[in-house]
Amino acid sequence: MPHHPLLADFTKILARRPSPNLADGLTTSSHLGVPDYALAMRQYENYLQALRDAGLEVTVLDYDSRFPDGHFVEDPVIIFHEMAFLCRSGALSRRHEGESILPHLAGLRIERMEDNFAYMDGGDVLFCGDRVLVGMSERTNRAGAEALHKALKTVQPNIRLDCVEFTGVLHLKSGITEVAPNVLVHDPALKTNYDFSWAKLITLPAEEGYAADLMPINDSVFIVKGFPTVKAIAESHYTKVIELDMSEFRKMDGGLTCLSLRY
Ligand code: CIR
């Protein structure tokens with residue numbers, strides 16, 4: 001089975017433990033019920049253990065109860081090779097989550113958003129080969145995308161920015177991720193006029209849309225447990241497919257990738 005290096009070989013994971021008040025975070029999914037903290041923590045420990053089992057060095061920061069969404073570390077910081085980009089979220093309650101992560105990214109060069117009108121959540125950022133797709137959402141605007149692009153070009157001068165207007169899901173990556181180079185898996189709830197003709201687009205059945213947030217890491221792919229179409233797609237590209245239960249994080253709009261920074 002081929003090994004698909006989607007970005008680079010990752011060796012490290014940075015995560016932050018969920019706070020006991022995680023149910024005070026932002027959500028559009030309250031119809032799914034209130035998350036159970038004890039169960040969320042069991043799911044979280046399984047997530048971290050699966051990453052350790054895949055050979056990654058996992059660092060877990062303690063929670064900060066000022067930030068009930070703080071365990072979704074993918075949103076405040078974007079890591080691209082040796083550079084870490086500190087975002088300013090479009091959500092006020094999440095705007096200051098990132099600073100306390102930076103000291104733990106030893107060896108990475110830190111870039112910040114200079115434009116005070118620029119907003120971004122990392123969940124809107126999808127790297128695909130020599131392009132970066134940035135979803136235009138309530139959390140991310142064009143000025144944010146341009147600030148990120150400027151920082152990315154210091155690492156990879158030819159990287160191309162594609163801004164993706166969309167509706168239907170919270171973040172771009174809630175609704176679309178890359179399973180293999182130029183092969184994208186898509187939740188039909190995500191609506192966009194963006195031209196994906198450069199890619200092969202696999203549209204999931206509506207009832208499996210939540211699991212569109214796949215997490216490929218080196219020769220493994222992590223997927224949400226209980227979604228047979230997604231599992232079959234994952235197995236057609238990877239020999240190592242790891243399924244994780246995410247029910248409690250789903251209640252807060254969180255997907256698989258949100259819970260970790262991979263670098
Ligand atoms: C929020 O609304 O910001 C959090 N409750 C969920 C963030 C999920 N992050 C992501 O999809 N990258």
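Trainee: Which residues are closest to the ligand?

Mentor: A residue is near a molecule if one of its heavy atoms lies within 4 Å of it. Here 14 residues surround the ligand, and the closest are Leu-26, Arg-94, Arg-139, Met-252 and Cys-258. Because this is a predicted model, keep in mind that local features need pLDDT of at least 70 and side-chain atom pairs pLDDT 80 or more, whereas totals for chains, interfaces and linings use all residues. Residues are numbered from 1 along each chain as its sequence is written, and side-chain values use heavy atoms, with hydrogens and water left out.

Trainee: How do the strands of the open sheet pair, and in what order?

Mentor: Strands of a sheet pair through backbone hydrogen bonds, either parallel or antiparallel. Two strands pair if DSSP finds at least two bridges between them, a strand being a DSSP run (E, at least two residues) numbered from the N terminus. Here three strands follow the order 2-1-15 with mixed pairing; strand 1 (residues 12–16) and strand 2 are parallel over five bridges, and Arg-16 has Leu-61 in strand 2 as its bridge partner.

Notes
Helices (H or I, at least four residues) and strands (E, at least two) are DSSP runs, numbered from the N terminus.
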